[in-house]
Amino acid sequence: MGDPRNVAHAKKVSQEKHHKEKHAPKAGPISSQRAKNVQTEKKAAPAAESTAPQAEASKPTQPVEPTQLEKSLVVLSKLKELEFHSRANIEKLAELSLTMEEELKQKAFTEAIGAVYAAQDAFQSKILKLIENYEAECARLSGSA
């Protein structure tokens, strides 16, 4: 097997590619075409000014778009992933703290890692509260959709 650094780099590159493909616009990145569409819309805007207020008036009465719910659920999933990693970090910090204190007898570093542990624990508490509130918001959005 190759060098672990090369394997890790290849994995990172493939994840970035996948991420870019996932979040790329479906029509493709054609900025000049978008610019033309914006210019065309600006030219058509004066002629369509009389119909614009009618379109704006109908928007507030429409229900929440399902895409907003879907996007919110993706955000919720990412928040839960952050919480999972936070919990894993707390466990690792606890193990390291015990190793430093019991096996290595490095009291000065034990205090420093204790401060990091406290900060991670505070983050964990805040992310759990955020997830709870965001789940309620997602439930509200799914109920109104």
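Reader: Is arginine 87 buried, partly exposed or exposed?
Author: Arginine 87 counts as partly exposed, because its relative accessibility is 38%. Buried means under 20% relative accessible area and exposed over 50%, with partly exposed in between (1.4 Å probe, protein chains only).

Reader: Before I go on, what sort of model is this, and how are residues numbered?
Author: This is a predicted model, in which local features need pLDDT of at least 70 and side-chain atom pairs count only at pLDDT 80 or more, while totals for chains, interfaces and linings use all residues. Residues are numbered from 1 along each chain as its sequence is written, and side-chain values use heavy atoms, with hydrogens and water left out.

Reader: Back to arginine 87, then. Which residue forms a salt bridge with it?
Author: Glutamate 83 does, with the closest N and O atoms 2.7 Å apart. A salt bridge here is a side-chain nitrogen of Lys or Arg within 4 Å of a carboxyl oxygen of Asp or Glu. Both residues lie in helix 4, four residues apart, about one turn of the helix. Helices (H or I, at least four residues) and strands (E, at least two) are DSSP runs, numbered from the N terminus.

Reader: And glutamate 83, buried or exposed?
Author: Glutamate 83 is buried, because its relative accessible area is 9%.

Reader: How many salt bridges does the whole structure have?
Author: A search of the whole structure finds four. One of them joins glutamate 135 and lysine 80, with the closest N and O atoms 2.9 Å apart. This pair links distant parts of the chain, since glutamate 135 is in helix 5 and lysine 80 is in helix 4, 55 residues apart.

Reader: Why do those two count as partly exposed?
Author: Glutamate 135 counts as partly exposed because its relative accessible area is 34%. Lysine 80 does so because its value is 40%.

Reader: What about glutamate 101?
Author: Glutamate 101 forms a salt bridge with lysine 107, the closest N and O atoms being 3.8 Å apart. Glutamate 101 is partly exposed, with a relative accessible area of 28%.

Reader: New topic. Which residues make up the largest nonpolar core?
Author: That core has five residues, namely Leu76, Leu79, Ile127, Ile131 and Cys138. A nonpolar core is a set of buried Ala, Val, Leu, Ile, Met, Phe, Trp, Tyr and Cys residues joined through side-chain atoms within 4.5 Å.

Reader: What does isoleucine 127 contact?
Author: Leaving aside neighbours within four places in sequence, isoleucine 127 is in contact (heavy atoms within 4.5 Å) with Leu79, Leu82 and Glu83.

Reader: Now serine 86. Where is it, and is it buried or exposed?
Author: Serine 86 is found in helix 4. It is buried, because its relative accessible area is 2%. Its side chain makes a polar contact of 2.6 Å with that of glutamine 124. A polar contact is a pair of N or O atoms within 3.5 Å; within protein, one must be able to donate a hydrogen and the other to accept it, and residues adjacent in sequence count only if both atoms are side-chain atoms.

Reader: Finally, where is lysine 105, and what is its phi?
Author: Lysine 105 is found in the loop between helix 4 and helix 5. Its phi is positive, about 55 degrees, although it is not a glycine. Lysine 105 counts as exposed, at 57% relative accessibility.
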